[in-house]
Every structure is written in C-alpha cells, then in structure tokens.
Amino acid sequence: MADPARARKLAKRISQIVAHAIEHDIKDPRLNHVTITDTKITADLHDATVYYTVLGENLESTPDHAGAAAALESARGVLRTKVGQGTGVRYTPTLAFVADSIPEEAKHIEDLLAKAREADAEVARRATGAQHAGEADPYKPPREEAADDEFADEETRS
C-alpha cells in the first residue's frame, strides 16, 4: 500500500499528463472539447480512474459524450504509455475513463434555485397588502392593579 500523500500526488500528475496528451499529442477531433476534471487512484497504485467532462462547441450545442468516450477508449493505450513515461513509477496504472456528472448536478441545482426564487417571489407578491389573521396585538394585556389588590387582601386574612 502506498502512502496517501504519494497517491494524491500521482493522481494529480496523471491528470496533468492525460490532459496535456489530449490537448497536444492525440489528434482525434472528438477530444477537442474534453476536459479532465479529476483522477482517483487505488491505494496499491495499480488502477487510476480519470474523470472528464465534455463541452459543446458553443453554449447552444449539445456535447458528444458517446464520441468522446469512444475516442478516449481508443486512445487508452497511448495515454497509458504517456503516463508511464511521465511518472516513472515501477508499475504504470491502468486507466479507466468515467464521464464526470458535475455539470449535470450543477444544472440541476441551478434549476432548483431558480424554482426557489420563483416561489419566494410568489410569496412576496401575495404578502403585499395582506393583513394578520389575528388581532393587531396578539399578546395578553398586563394585569390591572385592582386584581393585584384582591390577592393581597386574601394573603392578609390567612
């Protein structure tokens, strides 16, 4: 088992090497909009999972997730070779590519926040001009002095 600090450093280095290789060395056009987001490595340093996202060419276009997955799968051997050359470890870890779900989760959270803002605006709209359901002063009025005198008379009698 490797030291956790060493595993973190190696995972970060693998991310950098894979991202550089995708950008500069691999000429597959399906990888033009792929971004490496994170890498996790097992404690024995034999298997690395590389997380990636795929962006569209512009904001309106949908990303080609299937094409990017196929391109990464076909470039797996080249990328593993680059990782082995760049890290200098005894055993080059196998690479597994997983599409990162962060963008979808972020969009879901943004949708929920927008829905909450709409609900808050609706509550604020309904609250304008509304009146309280009870009395204006819901608290009990303070006791009168006469009531206090009655109790004082009873105490003196006993």
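Ile-36 stands opposite Tyr-52 of strand S2, in a predicted model where local features need pLDDT of at least 70, side-chain atom pairs count only at pLDDT 80 or more, and totals for chains, interfaces and linings use all residues. Residues are numbered from 1 along each chain as its sequence is written, and side-chain values use heavy atoms, with hydrogens and water left out. The chain holds five helices and three strands, where helices (H or I, at least four residues) and strands (E, at least two) are DSSP runs numbered from the N terminus. Read from the N terminus, the order of these elements is α-β-β-α-α-β-α-α.

**Strands**

- Strand S1 (residues 34–41) pairs with strand S2 (residues 47–54) in the antiparallel sense over seven bridges, pairing being assigned if DSSP finds at least two bridges between two strands.
- The hairpin of S1 and S2 has five residues between its strands, and Leu-45 in this hairpin takes a positive phi near 60°.
- S2 also runs parallel to strand S3 (residues 94–99), to which six bridges join it, and here Tyr-52 stands opposite Ala-99.

**Helix H3**

- Helix H3 (residues 76–87) has 12 residues and reaches 16 Å from its first C-alpha to its last, close to the expected 16 Å at 1.5 Å a residue; the expected span is 1.5 Å times one less than the number of residues.
- Leu-79, Val-83, Gly-84 and Thr-87 of H3 are buried, meaning under 20% relative accessible area with a 1.4 Å probe and protein chains only.
- These residues lie on the same side of H3 because they cover an arc of only 140° around the axis, the arc being that of the directions from the helix axis to the C-beta atoms.
- The cover over the buried residues of H3 includes helix H1 (4–25), helix H2 (65–74) and S3.
- Just after H3, Gly-88 takes a positive phi of about 75°.

**Whole chain**

- The chain has a radius of gyration of 33 Å, whereas a compact globule of 158 residues would have one near 15 Å; the radius is taken over C-alpha atoms, and the globule rule is 2.2 Å times the number of residues to the power 0.38.
- Along its principal axes the C-alpha trace spans about 100 × 45 × 20 Å, and 24% of the 158 residues count as buried.
- Among contacts (heavy atoms within 4.5 Å) with a separation of 6 or more, 58% come from residues 24 or more positions apart.

Technical notes: Buried < 20%, exposed > 50% of the residue type's maximum accessible area, 1.4 Å probe, protein only.
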